[in-house]
Amino acid sequence: MKWAEGLDKLGIFLYLAISVFAVVNIYSVDKGLGEKQLIFFFISLFVGFIIFMMRSKFFENFAVVFFVLGIISLLGLHVLGSEIKGQKNWYKIGGFTMQPVEFAKIGVSLMLASYVSGPDFNLNNRKSLLTTLAIIGIPAIAVLSIPDVGSLLVFTAFVIALYREGLSGWLFGIGFILATVFLLSIAINPIYIVLGLLAIYLIYIFFNFGRIIWTVPTIVTFLGTFLILAGISFGTPKILEKLPAHQRERIEVLYKGEKAFRDTSGYNLLYSKTAIGSGGFWGKGYKEGSVTQGKFVPEQETDYIFCTVGEEWGFLGSTLLVIFYAVYIGRIYYLAENQKTTFNRVFGYCFAGVLLMHFAINLGMVMGLFPTVGIPLPYFSYGGSSFLAFSIMTAIFFKLNYTDKNSLV
């Protein structure tokens, strides 16, 4: 079939396979929600079909509109948002709810792709760098004001696209160092952290003293970075003290274990691990999971859906799902890298980055490697907003890829 030339069959197959498997697992947790997710699935297919019928240039030409609408929808939550499960990040219209942050990610991806593909873009230019950071930072600040810490973390995925376009890798190194000092300061007395940093600085200076050009900027850099790291170390305990009790406990669970908070913030994680571990290699069988059927894990149809896979489908089913995600995300990166236009490439990298962050954080959260922050598993967690937003990004990218493969340029 000539019309099918350029369609990425592997990518579309993986999207459909993951989505259908999701409906099956949500149905196991809750029959009614499973039926609703099936409706969301068909709606997404219809929307995807409409997107495929549109011209690819539409998304590039209206990127600014999608970006602005995304920011307005986030800021509007302060006035019109409804509080659900302790967070005011939903719009409630009749019996329907909509989470705008999921759709704002589409606007940011399109806007970033549009700006980076412009003729005047150059990351070595301060104006270009500040503009790209503003495109990411403005909606990120809007998300933080809600606040929605989980979604805020996902916005760091856009930096991956900028790295591909020439952003210095030093920013990742700096981010890693800052995060390490922050995490260590939660479990270790800040005084010991600062003394350790001082020792590292002195050792480095001792072995490189002759090679260092001791100018005023160099001295300011050494002192400035040390003071910033020391400030983070001493400030971390104070930040934790100001957090609500449940958010503070979610972080402390990583250090003290879920059993120390088994009746509060550690409850979900305790039963999540129980469900995953009890599945063994083959799993207990569909609708045979005692933890799943007993509804011991709150949010098991959304953020903690992976523990249903672990209990009912076992290590084998869980591994297969992880492989599907890994191949799918890798496929998107591969296709993005081979696009003929910068717009297509950057959007593909943004899309893959968002998927990767959601996937990594959600699985880490369910297995106790990351604090509970309310991040859904792409295509898999129950929810119309999340599924539709990811499906729209999917349709846009595969449409761009289809046009790219059929382009004579």
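**Core and salt bridges in a predicted model**

Good morning. Of the 89 residues in the largest nonpolar core, Tyr328, Tyr379 and Phe380 touch the most other members. Helix α17, which spans residues 342-366, gives the most to this core, contributing 14 residues. Please bear in mind that the model before you is predicted.

Let us stay with Phe380. Leaving aside residues up to four places away in sequence, Phe380 touches Ile18, Phe21, Ala22, Asn25, Ile26, Ile305, Val309, Leu321 and Tyr325. There is also a second, separate core of 10 residues, among them Val194, Leu197, Ile212 and Phe222.

I now turn to charged pairs.

In one of them, Arg345 pairs with Glu165, with the closest N and O atoms 2.9 Å apart. Arg345 belongs to helix α17, while Glu165 sits in the loop between α9 and α10, so the pair ties together parts that are 180 residues apart in sequence. Arg345 counts as buried because its relative accessibility is 12%, under the cut-off of 20%. Glu165, at 19%, also counts as buried.

Next, the side chains of Glu311 and Lys284 meet in a salt bridge at 3.2 Å, N to O. This pair links distant parts of the chain, 27 residues apart: Glu311 in helix α16 and Lys284 in the loop between α14 and α15.

Finally, Lys405 forms a salt bridge with Asp404, the closest N and O atoms lying 3.3 Å apart. Lys405 is partly exposed, at 40%, and Asp404 is buried, at 5%. Thank you.

Terms used:
Residues numbered from 1 in each chain as written. Predicted model: local features only at pLDDT ≥ 70, side-chain atom pairs only at ≥ 80, totals over all residues. Heavy atoms only, no water. Core = buried A, V, L, I, M, F, W, Y, C linked by side-chain atoms within 4.5 Å. Buried < 20%, exposed > 50% of the residue type's maximum accessible area, 1.4 Å probe, protein only. Helix = DSSP H or I, 4+ residues; strand = E, 2+ residues; numbered from the N terminus. Contact = heavy atoms within 4.5 Å. Salt bridge = Lys/Arg side-chain N within 4 Å of Asp/Glu carboxyl O.
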